[in-house]
Amino acid sequence: MKFQRSSGILLHPTSLPGPYGIGELGAEAYRFVDFLQETGQHLWQVLPLGPVGYGNSPYQSPSTFAGNVLLVSFERLQEDGWLPQEALDQRPQFPADHVDFEAVRAWKVPLLAEASRSFLERASPAQREEYEVFCRQHAGWLDDYALFRALKTHFGGQTWTEWEPGLAFRDPSALDAARRELAAEIDARKFGQFQFFRQWRDLHAYCRERGVKIIGDVPIYVAHDSADVWAHRELFKLDEAGQPTVVAGVPPDYFSATGQLWGNPIYHWDRMSATKYQWWIERVSVNLELFDAMRLDHFRGFEAFWQVASAEATAENGEWIRGPEDEIFEALKQKLGDELPFIAEDLGVITPAVVALRERAGLVGMAVLQFGLGNNPGDSACPPHRYTRDLVAYTGTHDNETISGWARRLQEQEPWRWEYVHNYLAVNGQPFHWASIRSLMASVADVVVFPLQDVLGIDNAARMNRPGEVGANWEWRFQADLLHQDVRAKLRELTHLYGRLP
């Protein structure tokens, strides 16, 4: 996919401000789009929008198709008549600077069920028809997902392999009985998805009207404890009990001396091939309802992926296995057209074969400033003066330190490297984060994207994720007053100066 010369902001919707404990698809989301338009930003990049899973990670979702209903705007539900005003007035006192996922779930999920009952009892014929059309159009994943989530609740959150065998392994009569018994819970799950897609559709239309495109994120793998694996066991390398025989990860790297053991099941790529990658085509098609383009996570896994026996405690003792390579992209092109809407996340251990695959698929790649500024100019992988146009360049990603936090660590722990970075960026007394942003804005890369934390110059207290660590990840939220006039003026000035206005 080709991009015009432009810039944008990386911000997950959960990080938006507001009084309801988590960012929502309501007024603050629209105000953020106005901020993008005002400052000349053409792109809004988000993380995966699915329900969060283990560790509240959007990369361990119970569905690769569903939306995160915690993002549904309760103000809009109230305005539509499905929630009483008292429900909003009696909300708990949530923290403003981070998401307390457990508290948000405890408050929001029961109210969504209440809104579902209200809708199903009182919806007009036209409203009911809109809902039923959505359910029919998305039945290929929605029916399994709603039943999966209802069964998860019924079994107290147990992994699907621990359910009674008839339900774990999808005996038709057991599933029919469960659908009857759990009908109200299933309806609530479908209603939540209907509202998520409806509200996102409206927000996306608002973005288009203001010249803002949304870049989504498609993880290469899915979680084992997901509707995707439960409903399509044949597409994954599982044993007779439904447990993964091998799992995904990456070998030792910048982030971890023992590698990263993600634990996601590995695809049976040969079986995917036999279906002409139909599951992937459906997956991408649903995402195209939400986004204008997508970051294709861990692109190198399509050329070769790191496979680790499920009994291993770390990712060190794995092996590289050949991936589907060109075949999957050819199948996608046959359905979606020759210009695939992907940005290839080609970071990490990248070989010439991975680069060649990306080029044959016609995809742009990625560069990250923190990785590009190495110990000295001779061994730096890809600093801004070596960028090419077919790149999306970032100061950092959701997995990195913030740019200001990174600078502080270099000053304290690697002063020799700090001197090189300081000189390269010609900081000369200006705030380090603006020097970093200026460097990317001035580069030849067609697209540059900055995490909002980097635009605001916030330290690592605002870091979104620490790979390999389980804890306070994915929780950061910003406060609306941080987007003050000085920030807006400086961002627009640099966007204009380097020819990136839409």
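Arg300 counts as buried because its relative accessibility is 5%, where buried means under 20% relative accessible area, exposed over 50% and partly exposed in between (1.4 Å probe, protein chains only). The model is predicted: local features need pLDDT of at least 70, side-chain atom pairs count only at pLDDT 80 or more, and totals for chains, interfaces and linings use all residues. Residues are numbered from 1 along each chain as its sequence is written, and side-chain values use heavy atoms, with hydrogens and water left out.

Arg300 is located in the loop between β6 (293-296) and β7 (304-309); helices (H or I, at least four residues) and strands (E, at least two) are DSSP runs, numbered from the N terminus. The backbone oxygen of Ala304 is reached by the side chain of Arg300 at 2.7 Å. Apart from neighbours within four places in sequence, the residues in contact (heavy atoms within 4.5 Å) with Arg300 are Trp320, Glu345, Val349, Ile350, Thr351 and Val354.

Strand β6 belongs to an open sheet of eight strands in the order β9-β6-β3-β2-β1-β12-β11-β10, with parallel pairing; two strands pair if DSSP finds at least two bridges between them. From one strand to the next, the twist averages 25°; axes are lines fitted to C-alpha atoms, for helices over the stretch in contact, and angles run from 0 to 180 degrees between N-to-C directions. Parallel strands β6 and β9 are joined by three bridges, and Met294 has Phe342 in β9 as its bridge partner.

Across the whole structure, 48 aromatic pairs are found. Rings of Phe, Tyr and Trp (its six-membered ring) pair if their centres lie within 6.5 Å; planes under 30 degrees apart count as stacked, over 60 as edge-to-face and the rest as tilted. The pair of Phe119 and Phe191 is tilted, because the ring centres are 5.3 Å apart and the planes are at 45°. This pair links helix α4 (residues 101-122), which holds Phe119, to helix α9 (residues 183-209), which holds Phe191, across 72 residues. Phe119 and Phe191 are both buried. Tyr267 and Trp280 form an edge-to-face pair, at 5.9 Å centre to centre and 65° between the planes. Both Tyr267 and Trp280 are buried.

Arg283 lies over the face of Trp280, at 4.7 Å from the ring centre; a charge sits over a ring if NZ of Lys or CZ of Arg is within 6 Å of the ring centre and within 35 degrees of the ring normal. The charged end of Arg210 likewise sits over the ring of Tyr206, 3.5 Å from its centre.

Notes:
A polar contact is a pair of N or O atoms within 3.5 Å; within protein, one must be able to donate a hydrogen and the other to accept it, and residues adjacent in sequence count only if both atoms are side-chain atoms.
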